[in-house]
Amino acid sequence: IRVPGAAELPDRLPAVLHVIYLIYTEGYAATAADVHVRSELTAEAIRLARITANLLPGESEVDGLLALLLLTEARAPARTDGEGLPIALEDQDRTLWLRPLLEEGIALAQQAAGQGGINPAGLGPHVVQAAIAAVHAEAASFDDTDWGQVVVLYDLLRRIVPGPVVELNRAIAVGQLDGFQVGLRLLDRLGDSQEMQRYHPYHAARAVTLEGLERYPEAAAAWRAAGAC
C-alpha cells in the first residue's frame with residue numbers, strides 16, 4: 001500500500017468520488033433497511049468528502065461533490081413525514097432546511113464552478129449537479145425556482161454524462177418551465193426504455209405531471225406503476 005503520486009490522481013479520483021457518492025445515496029434513500037434514510041451513511045459520506053477536499057484543495061470535482069452532499073443533507077429534516085415516508089421537494093417545509101449547510105454548500109458550489117483542478121476537460125458532473133442543487137437551495141419556494149437555469153444546467157450535464165436518469169430530471173425541469181404537456185411528451189419518449197419502466201421516479205414523475213394536467217385516472221395508473229417498482 002502506498003500513497004499514489006500526483007500523476008496518478010486524475011485516473012483514481014473519479015472512482016473515489018463515485019464511491020463516496022454511492023455511500024451517501026444509499027443513506028439518502030436506503031435500499032437495504034427498514035427506514036428510508038440511514039443517517040449514519042450520509043454522515044460518513046460527508047466526512048469522507050471533507051477529508052478528500054482537505055487533501056485536494058482547489059479540486060473542482062471534490063468541492064462539487066461536497067457541495068452537492070451538503071445541499072442535499074440540508075433538506076433532510078423536511079424530506080420525510082412522521083412515518084418516515086419521503087416528501088416531494090415541492091411539498092417540503094423549507095423553514096426546516098438547515099441554513100448553515102445551505103450556506104456552506106452554496107459557497108462551495110460557486111467556488112467549484114470557478115475552479116479547474118486536475119480535470120483537464122473542464123467542469124465535471126459533480127460541479128454541475130452541485131450548481132443545480134444550489135439553484136433549488138436559493139429559491140424561497142418551489143414556485144420561485146429558476147427553472148430556466150435548471151434546464152440550462154441539465155443541458156450541460158447531459159453532454160458530460162448522458163443517460164436516461166439525466167434525461168428524466170431534465171424532462172421534469174422542462175415541464176416546470178414550459179408546461180406539463182411539454183414535460184409529458186419528453187417523459188413519454190423515455191418510456192420506451194426498459195430501465196425507465198423499472199424506475200420508480202420515472203412513474204412518479206409521470207403521475208405528478210398527469211395530475212398537473214388534471215388527467216387523474218392516468219395519474220392513478222402511473223402511481224400504481226410506481227408502487228410496483
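A crossing of two helices is left-handed if the near helix is turned anticlockwise from the far one by less than a right angle, and right-handed if clockwise. The crossing of helix 1 and helix 2 is left-handed. This is a predicted model, in which local features need pLDDT of at least 70, side-chain atom pairs count only at pLDDT 80 or more, and totals for chains, interfaces and linings use all residues. Residues are numbered from 1 along each chain as its sequence is written, and side-chain values use heavy atoms, with hydrogens and water left out.

**Two helix pairs**

Two packed helices are described by the angle between their axes and the distance between the axes. Helices (H or I, at least four residues) are DSSP runs, numbered from the N terminus. Axes are lines fitted to C-alpha atoms, for helices over the stretch in contact, and angles run from 0 to 180 degrees between N-to-C directions.

| Pair | Angle | Axis distance |
|---|---|---|
| Helix 1 and helix 2 | roughly 155 degrees | within 7 Å |
| Helix 7 and helix 8 | about 155 degrees | 9 Å |

The angle makes helix 1 roughly antiparallel to helix 2; the term applies to angles over 145 degrees. Contact means heavy atoms within 4.5 Å. On the helix 1 side, the contact includes Leu 13, Leu 17, Ile 20 and Tyr 24. Helix 2 brings Leu 41, Thr 42, Ala 45, Ile 46, Leu 48, Ala 49 and Thr 52. By class, the contact residues are eleven nonpolar, three polar and one charged. Here Ala, Val, Leu, Ile, Met, Phe, Trp, Tyr, Cys and Pro count as nonpolar, Asp, Glu, Lys and Arg as charged, and the others, Gly among them, as polar.

Helix 7 (residues 147-160) and helix 8 (residues 164-178) form the other pair in the table. Helix 7 is roughly antiparallel to helix 8 because of that angle. Their crossing is left-handed. Residues of helix 7 in the contact include Trp 147, Val 150, Tyr 154 and Arg 158. Among their partners in helix 8 are Glu 167, Arg 170, Ala 173 and Leu 177. This contact divides into nine nonpolar, three polar and four charged residues.

Buried means under 20% relative accessible area, exposed over 50%, and partly exposed in between (1.4 Å probe, protein chains only). Leu 13, Leu 17, Ile 20, Tyr 24, Glu 26 and Gly 27 are the buried residues of helix 1. Their cover includes helix 2 (39-55), helix 3 (60-74) and helix 6 (125-138).

Thr 52 lies in helix 2. Its relative accessibility is 11%, so Thr 52 counts as buried. Leaving aside neighbours within four places in sequence, Thr 52 contacts Leu 13, Leu 17, Ile 20 and Val 62.

**Helix 11 and what follows**

In helix 11 the buried residues include Tyr 202, His 203, Ala 207 and Leu 210. Helix 8, helix 9 (180-190), helix 10 (194-197) and helix 12 pack against the buried residues of helix 11.

His 203 is buried at 6% relative accessibility. The C-alpha atoms of His 203 and Ala 226 are separated by 4.9 Å, although the two are 23 residues apart along the chain. Not counting residues up to four places away in sequence, His 203 touches Met 196, Gln 197, Ala 222, Ala 225, Ala 226 and Cys 229.

Glu 214 is in the loop between helix 11 and helix 12 (216-228). Its phi is positive, near 65 degrees. Glu 214 is exposed, with a relative accessible area of 58%.

Technical notes:
Helices (H or I, at least four residues) and strands (E, at least two) are DSSP runs, numbered from the N terminus. Angles under 35 degrees count as roughly parallel, over 145 as roughly antiparallel, 65 to 115 as roughly perpendicular and the rest as oblique.
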